[in-house]
Amino acid sequence: MRDEHLNKHARWLSEGQIGRRQFIKTAIAAGLTVPSALTLATDVLAATPKKGGKFRMGSSYGSTTDALDPGTSENGMSQNIIYARGNHLTEVNNDGKLVPELSSGFEPSNGAKTWMFDLRQGVEFHNGKTMTADDVIATFNYHRDENSKSAAKGLLSAVKEIKKDGDNRVIFELDAGNADFPYIVSDYHIMIMPSEDGGISDANSPIGTGGYIVEKYEPGVRALFKRNPNYFKEGRAHFDEVEMITLSDTTARQNAIMNGDVDFIDNVDPKTVSLLGRVPTLDILKTNGTQHFTFPMRVNSTPFDNYDLRMALKYAIKRQELVDKILLGNGEAGNDVPVNASMPYFNTELPVHEFDSEKAAFHYKKSGHSGAIQLSVSDAAFPGAVDAAQLIAASAKEAGIEIELVREPSDGYWSNVWNKKPWCACYWGGRPTQDWMYSAAYTSDTEWNDTAWKTGESADKFNELVVMARSETDETKRKDQYWEAQKLLQDDGGAIVGMWASFIHAHGKTLAHDDEVAANWLSDGAKVSERWWFA
């Protein structure tokens with residue numbers, strides 16, 4: 001009875017119906033000590049989202065070559081900006097569940113070849129335009145256009161037709177069934193944009209439907225926002241203002257959060273976690289998801305067009321050493337597939353690619369290669385990328401393989417190095433399903449296939465299996481297809497998946513958030529600006 005009475009008054013406190021002093025008196029009268037009553041009041045108020053304040057976020061990502069076009073978004077800063085200013089048909093919420101966002105619901109038919117999305121009504125863009133089915137169709141067609149350079153083009157290659165049924169319903173016709181299609185439309189590149197005359201006139205327009213309105217954007221430097229007073233989501237977008245600042249240098253990012261120049265930083269270097277954890281004004285937040293650090297070899301470039309050379313390098317890496325020394329134990333060793341045990345249909349019978357100097361030397365000799373192999377690297381790829389590359393070079397040397405490290409500038413890394421240089425360092429936030437991960441980075445039709453593994457007997461079979469598994473409803477058959485796809489990718493592909501890494505953040509104790517924090521991306525699913533508040 002006492003707990004029920006206290007819970008009722010706690011609810012009233014959180015709703016502002018009573019003040020803190022009155023609540024404390026009630027708690028003491030109910031038998032709590034003064035310290036316990038004070039603590040309970042503080043906890044209740046901290047858990048209650050409040051409006052106001054300026055939130056300053058320091059991000060490890062960002063480049064002067066960035067643009068507002070969602071389709072060409074390349075890094076975590078662009079992703080944070082997209083989620084602050086825009087929305088998608090669906091979203092992965094902070095509980096890790098797929099839920100409607102700009103749609104109010106969705107339903108498949110025809111063996112999941114047809115997907116119908118009912119749209120949320122009354123949603124407005126920042127320019128006052130009401131969102132309709134025309135905007136959704138124009139957005140998707142922008143990414144599907146034959147001349148599109150969008151990273152989402154490959155994800156949508158199975159879409160044959162998009163049509164509307166009135167202003168508030170959109171119907172997608174696919175060339176084959178896809179049970180995961182509602183996940184695909186949550187991809188951050190596919191932010192719904194305002195249409196004009198049936199098309200998207202300016203993909204670099206800052207206009208969206210999101211909780212914040214862009215006031216100033218300096219690529220690779222900062223983005224400033226103000227709260228959208230007409231945001232359709234209740235209980236979200238609490239800050240009056242948001243400032244996102246690119247702090248690609250690890251030390252600069254660490255100093256900014258320690259000095260109180262920002263309220264939140266992503267990608268805390270594991271080496272500094274203990275140091276930041278001792279700062280009394282800061283909290284450390286770790287989340288475990290699908291983030292992985294890779295070293296993609298482009299198989300259409302010499303010398304990586306040689307199977308044995310690729311295999312030699314896969315056996316020349318001490319992966320657990322990377323986890324121990326780069327992540328300081330905050331992760332696990334990778335095995336050259338972008339799938340881990342947390343994902344459905346993970347192949348538990350794959351060969352383990354771990355350091356083996358004899359196997360590495362055998363394949364290297366068989367490749368016929370001689371001389372140094374260049375590896376382009378920068379800490380812009382991920383914290384500790386340069387140190388990781390040095391460890392790789394050292395272990396490869398034990399197998400008689402010489403690796404020459406090429407230090408690349410942080411600015412422009414994602415435009416000038418990644419997906420262009422033959423071998424480099426990279427990070428992937430991961431995706432919740434295999435089909436989504438493969439469609440984003442490994443199938444032959446995606447712009448982001450950073451290994452260029454698109455042709456050949458194994459690649460052709462891999463692409464065929466991905467399409468088959470996408471529409472397979474028999475669980476046993478689907479498992480077999482995904483298991484074989486992983487085996488082909490691990491063996492013949494150009495991806496070196498070195499380690500799976502926890503997301504590590506630091507933030508001021510004045511910030512509060514829901515009990516559950518999303519792990520599908522950095523920074524609470526890249527939605528910290530929408531989901532968090534000042535306590």
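The lining of the largest pocket comprises 10 nonpolar, 12 polar and 2 charged residues (nonpolar: Ala, Val, Leu, Ile, Met, Phe, Trp, Tyr, Cys and Pro; charged: Asp, Glu, Lys and Arg; polar: the others, Gly among them). The model is predicted, with local features needing pLDDT of at least 70 and side-chain atom pairs pLDDT 80 or more, while totals for chains, interfaces and linings use all residues. Numbering starts from 1 along each chain as its sequence is written, and side-chain values use heavy atoms, without hydrogens and water.

Stay with the pocket, whose volume is about 400 Å³. Select Asn 288, Gly 289, Thr 290, Ser 342 and Ala 519, the closest to its centre of the 24 lining residues. A pocket here is an open set of points on a 1 Å grid where a 1.4 Å probe fits, with protein on both sides within 12 Å along at least five of seven lines; lining residues have an atom within 4 Å of a point.

Next, select Phe 264 and Trp 532. Their ring centres are 5.4 Å apart and their planes stand at 90 degrees, so the pair is edge-to-face (centres within 6.5 Å, planes over 60 degrees apart; the six-membered ring is used for Trp). Phe 264 and Trp 532 are 268 residues apart, and both are buried (under 20% relative accessible area, 1.4 Å probe, protein chains only).

Then select Tyr 61, Tyr 413, Trp 414, Trp 418, Tyr 427, Trp 428 and Trp 448, which form one aromatic cluster.

Finish with Lys 479, over the face of Trp 483 at 4.4 Å from the ring centre (NZ of Lys within 6 Å of the centre and within 35 degrees of the ring normal). Lys 318 sits over the face of Phe 355, at 4.9 Å.

Definitions and conventions. Points joined across faces, edges and corners; volume = space filled by probe spheres on them. Phe/Tyr/Trp six-rings, centres within 6.5 Å; stacked < 30°, edge-to-face > 60°. Helix = DSSP H or I, 4+ residues; strand = E, 2+ residues; numbered from the N terminus. Buried < 20%, exposed > 50% of the residue type's maximum accessible area, 1.4 Å probe, protein only.
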